[in-house]
Amino acid sequence: MSVSHAQALHLRLFVEGIELPVISAQVTCAPNSPAVAVIQIPPLSAATKFHPRSMVHLFFLDIYRSSPPIVVTGRVAARD
């Protein structure tokens, strides 16, 4: 029997200045191409009110560095 437990993700998500909870986030970066983030949020009524190209800020804490949190900035490209 496997045992799993929750832990803090150290993520903060803001869409148009409104903070939303985050379930998971995956950010992909490559040279000479834009950063792409896939962000999962809980099913909230606020999620149905996103407009295309809404401004998104994802802050995360790099536990291996002592610098301030890193930010990924972008826009909503698609929603399901």
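Helices (H or I, at least four residues) and strands (E, at least two) are taken as DSSP runs and numbered from the N terminus. The structure is a predicted model, in which local features need pLDDT of at least 70 and side-chain atom pairs count only at pLDDT 80 or more, whereas totals for chains, interfaces and linings use all residues. Residues are numbered from 1 along each chain as its sequence is written, and side-chain values use heavy atoms, with hydrogens and water left out.

The protein has six strands and zero helices, and its pattern along the sequence is β-β-β-β-β-β. Of the 80 residues in the protein, 14% are buried (buried, under 20% relative accessible area; exposed, over 50%; partly exposed, in between; 1.4 Å probe, protein chains only). Among contacts (heavy atoms within 4.5 Å) with a separation of 6 or more, 37% are between residues 24 or more positions apart.

Strand β1 (11–15) pairs with β2 (residues 18–20) in the antiparallel sense over three bridges; two strands are taken to pair if DSSP finds at least two bridges between them. In this pairing Leu13 stands opposite Leu20 in β2. β1 also runs antiparallel to β5, to which five bridges join it, and Arg12 stands opposite Phe59 in β5.

Glu16 is placed in the loop between β1 and β2. The hairpin of these strands has two residues between them, and Glu16 takes a positive phi near 50° there. Most residues other than glycine have a negative phi. Asn32 lies in the loop between β3 (24–28) and β4 and is exposed, with a relative accessible area of 86%.

The largest nonpolar core consists of seven residues, namely Leu13, Val15, Leu20, Val22, Phe50, Val56 and Leu58. Such a core is a set of buried Ala, Val, Leu, Ile, Met, Phe, Trp, Tyr and Cys residues joined through side-chain atoms within 4.5 Å. At least two residues of this core come from each of β1 and β5. Neighbours within four places in sequence aside, the contacts of Leu13 include Leu20, Val22, Val56 and Leu58, as well as Ile39 and Ile41.

One aromatic pair is present; rings of Phe, Tyr and Trp (its six-membered ring) pair if their centres lie within 6.5 Å, and planes under 30 degrees apart count as stacked, over 60 as edge-to-face and the rest as tilted. The ring centres of Phe14 and Phe59 are 5.9 Å apart and the planes stand at 85°, so the pair is edge-to-face. It links Phe14 in strand β1 with Phe59 in strand β5, 45 residues apart. Phe59 is partly exposed, at 29% relative accessible area.

The loop between β4 (36–40) and β5 (55–60) contains Ser54 and Arg53. Ser54 counts as buried at 6% relative accessibility, whereas Arg53 is exposed at 57%. A polar atom of the Ser54 side chain lies 2.6 Å from the backbone oxygen of His51. Arg53 is 37 residues from Glu16 in sequence, with a C-alpha to C-alpha distance of 9.9 Å.

Notes: A polar contact is a pair of N or O atoms within 3.5 Å; within protein, one must be able to donate a hydrogen and the other to accept it, and residues adjacent in sequence count only if both atoms are side-chain atoms.
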